[in-house]
Amino acid sequence: MPPIPGSGLAKGLAVTLRTMTRKSHTAQYPDAQPELPPRTRGVIGLFEENCTVCMLCARECPDWCIYIDSHKETVPAATPGGRERSRNVLDRFAIDFALCMYCGICIEVCPFDALFWSPEFEYAETDIHELTHERDKLREWMWTVPEPPALDPGAEEPKELAAARKAADKLAATQAAEAAQAAEAAQAAEATGAAGAKEAPSEGADGQPGPRQPGPGAQGGTE
């Protein structure tokens, strides 16, 4: 059936009329704060303790708005005769929010969970150069990051949690074995001490060692 001429215009006018009859609602910001979803992409928070300076977030950023500086430090060997190792130390981590397009790629590619979304959005500045926030400011926003949603009860256990539990169980078993060995050594030492006390010579009334009893081979004399 061919469309009726002018039906599209009639539908558009109907939408306009319905909108005109509705009462508009204006939120008096900033007196009335908006109710944002918990996972709003407001700003990016940095948990620098997890950052290993792998530079993956800076390389994958399509706007090149992440600036990272670091230096290497030598870590002494953990055991005698071991090899010294070097590690990266974070010196600067800054994000230019004047260039950021809030795509979230940096958060997704971070392998160590050092970047998180925060619902904070009130960080406007009068100077565009002040929109480049350093790691101290990014860390302050970390405390506004909401907790992650609860997992589905039927979901599989995360691999990280399983690995951590396995390591904890292994450490507990090692400690229990060491404690058992220490207890056995203490019992053996007590038994050895008790046996030595029984074999010690008896003392006389004046505190001097008593006369030694002749052994079986000392009964007979010489021919």
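# Briefing: a sheet, a pocket and aromatic pairs

Strands E3 and E5 run antiparallel and are joined by 2 bridges. This is a predicted model, where local features need pLDDT of at least 70, side-chain atom pairs count only at pLDDT 80 or more, and totals for chains, interfaces and linings use all residues. Residues are numbered from 1 along each chain as its sequence is written, and side-chain values use heavy atoms, with hydrogens and water left out. Helices (H or I, at least four residues) and strands (E, at least two) are DSSP runs, numbered from the N terminus.

**The sheet**

- Strands of a sheet pair through backbone hydrogen bonds, either parallel or antiparallel.
- Here, 3 strands form an open sheet in the order E2-E3-E5, with antiparallel pairing.
- Two strands count as paired if DSSP finds at least two bridges between them.
- E2 (66–75) and E5 are the edge strands, and each pairs on one side only.
- Ile-95 has His-133 in E5 as its bridge partner.

**His-133**

- His-133 sits in strand E5.
- Is His-133 buried or exposed? His-133 is buried, because its relative accessible area is 7%. The cut-offs are under 20% for buried, over 50% for exposed, and in between for partly exposed (1.4 Å probe, protein chains only).
- Beyond neighbours within four places in sequence, the contacts of His-133 (heavy atoms within 4.5 Å) include Phe-93, Ala-94, Phe-97, Tyr-123 and Trp-141.

**Aromatic pairs**

- The structure holds 6 aromatic pairs.
- The rings of Tyr-29 and Phe-121 form a tilted pair, because their planes are at 35°, with the centres 6.2 Å apart.
- This pair links distant parts of the chain, 92 residues apart: Tyr-29 is in the loop between helix H1 (7–21) and strand E1 (43–46), and Phe-121 is in the loop between E4 and strand E5 (132–133).
- Tyr-29 is partly exposed at 44% relative accessible area. Phe-121 is also partly exposed, at 36%.
- Phe-97 and Tyr-123 form a tilted pair too, at 5.4 Å centre to centre and 55° between the planes.
- That pair also links distant parts of the chain, 26 residues apart: Phe-97 is in the loop between strand E3 (85–96) and H3, and Tyr-123 is in the loop between E4 and E5.
- Both Phe-97 and Tyr-123 are buried.
- Ring pairs link Phe-97, Tyr-102, Trp-117, Tyr-123 and Trp-141 into a cluster.
- Rings of Phe, Tyr and Trp (its six-membered ring) pair if their centres lie within 6.5 Å; planes under 30 degrees apart are stacked, over 60 edge-to-face, and the rest tilted.

**Cys-106**

- Cys-106 lies in helix H3 (residues 105–109).
- Cys-106 counts as buried, because its relative accessibility is 8%.
- Apart from neighbours within four places in sequence, Cys-106 is in contact with Ile-44, Cys-57, Ile-66 and Leu-115.
- Cys-106 and Glu-60 are 46 residues apart in sequence, yet 6.7 Å apart in space, C-alpha to C-alpha.

**The largest pocket**

- The largest pocket is lined by 14 residues, and Arg-39, Leu-115, Phe-116, Val-145 and Pro-148 lie nearest its centre.
- On a 1 Å grid over the protein atoms alone, a pocket is an open set of points where a 1.4 Å probe fits, with protein on both sides within 12 Å along at least five of seven lines; lining residues have an atom within 4 Å of a point.
- H3 and strand E4 (115–118) each supply at least two lining residues. E4 gives the largest share, 3 residues.
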